Amino acid sequence: MIRQRLQTALAPTHLEVHDDSHKHRGHEGAKAGGGHYRVVIVSDRFAGLNRIQRHRMVYDAIGEAMRADVVHALSIQALTPDEPR
Amino acid sequence: MADIQDTIREQVENNDIILYMKGTPQFPQCGFSMRAAQALSGCGREFAYVNVLDDQDVREGIKQFGNWPTIPQLYINGELVGGCDIIMEMYESGELQKAVDGAGQEA
């Protein structure tokens, strides 16, 4: 679902979505059931935007799931095609 | 509780460096807050912090205030710098040190 939303909203040239939930099992924040995800996303749309603006675009794309605690934690690496990964 | 936004604004304006986190720098309650607090401590300047777990209104209010859905959140000179990922990236590149050194310098 995260992958699909990012794909639609940001037209990435590269997209990785890792579910790291297993690394956090049992810790306080994970009790609500939300997953821990890590995203690496490369898109032209990030050109000229600072980190805050890029992360906000990713958060916005994921939308409701972020607020509803389906996603408890999201680590983001948001790059343009000419920035090194 | 409309004034929670005023309370937060006051905290952010009255502290050059302020970190909203889960737990305290000594006893962080979340890995992301822990990393953010450690990076900030590594810059060698005192900073204010708010433990959002102490106050449910602040915990929800800060997300609205920053237009940012997660905690931790770091503010320097009244501006949102970012969450854990951005703080760590900036720490590793030396930008965080510069931002911290510049705290309180602006008019």
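Start between the chains. Select Glu95(B) and Arg51(A): they form a salt bridge, with the closest N and O atoms 2.8 Å apart. A salt bridge here is a side-chain nitrogen of Lys or Arg within 4 Å of a carboxyl oxygen of Asp or Glu. Glu95(B) lies in helix α5 (residues 95-101) of chain B and Arg51(A) in helix α2 of chain A, so the pair joins two chains. Helices (H or I, at least four residues) and strands (E, at least two) are DSSP runs, numbered from the N terminus.

Before moving on, note the ground rules. This is a predicted model: local features need pLDDT of at least 70, side-chain atom pairs count only at pLDDT 80 or more, and totals for chains, interfaces and linings use all residues. Residues are numbered from 1 along each chain as its sequence is written, chains are lettered from A and ligands numbered from 1 in the order in which they are written, and side-chain values use heavy atoms, leaving out hydrogens and water.

**The salt bridges**

Colour by accessibility. Arg51(A) is partly exposed, at a relative accessible area of 25%. Glu89(B) is partly exposed at 31%, and Glu95(B) is partly exposed at 31%. The scale is this: buried means under 20% relative accessible area, exposed over 50%, partly exposed in between (1.4 Å probe, protein chains only).

Next, select Glu83(A) and Arg54(A). Their salt bridge has its closest N and O atoms 2.9 Å apart. The pair links distant parts of the chain, 29 residues apart: Glu83(A) in the segment after β3 of chain A, Arg54(A) in helix α2 of chain A. Glu83(A) is partly exposed, with a relative accessible area of 29%. Arg54(A) is buried, at 9%. Back at the chain-to-chain site, salt bridges that share partners join Arg51(A), Glu89(B) and Glu95(B) into one network. Over all chains, the count comes to 6 salt bridges.

**The sheet of chain A**

Show the strands of chain A. They make an open sheet of 3 strands in the order β1-β2-β3, with mixed pairing. Two strands pair if DSSP finds at least two bridges between them. β1 and β3 of chain A stand at the edges, each with a single partner strand, so one side of each is left without a neighbour in the sheet. The twist averages 15 degrees from one strand to the next. Axes are lines fitted to C-alpha atoms, for helices over the stretch in contact, and angles run from 0 to 180 degrees between N-to-C directions.

Which way do β1(A) and β2(A) pair, parallel or antiparallel? They are antiparallel, over 6 bridges. Select Asp19(A) and find Tyr37(A) of β2(A) opposite. Then select His14(A), whose bridge partner in β2(A) is Val42(A).

Move across to β3(A). β2(A) and β3(A) pair in the parallel sense over 8 bridges. Val39(A) has Ile76(A) in β3(A) as its bridge partner.

**Helix α1 of chain A**

Select residues 2-10 of chain A, helix α1. Its buried residues are Ile2(A), Leu6(A) and Leu10(A). Look down the axis of α1(A): these buried residues fall within an arc of 30 degrees, so they line one face of the helix. The arc is that of the directions from the helix axis to the C-beta atoms. Turned away from that side are the exposed residues Gln4(A) and Thr8(A). The cover over the buried residues of α1(A) includes β1 (14-19), β2 (35-42), α2 (51-62) and β3 (71-79) of chain A. Step past the end of the helix to Ala11(A), where phi is positive, near 40 degrees.

**The core**

Finish inside. The largest nonpolar core has 55 residues; Leu6(A), Leu74(A) and Tyr20(B) touch the most other members. Such a core is a set of buried Ala, Val, Leu, Ile, Met, Phe, Trp, Tyr and Cys residues joined through side-chain atoms within 4.5 Å. Centre on Leu74(A). Its contacts (heavy atoms within 4.5 Å) include Tyr37(A), Val39(A), Val58(A) and Asp85(B).

Conventions: Lists of a residue's contacts leave out its neighbours within four places in sequence.
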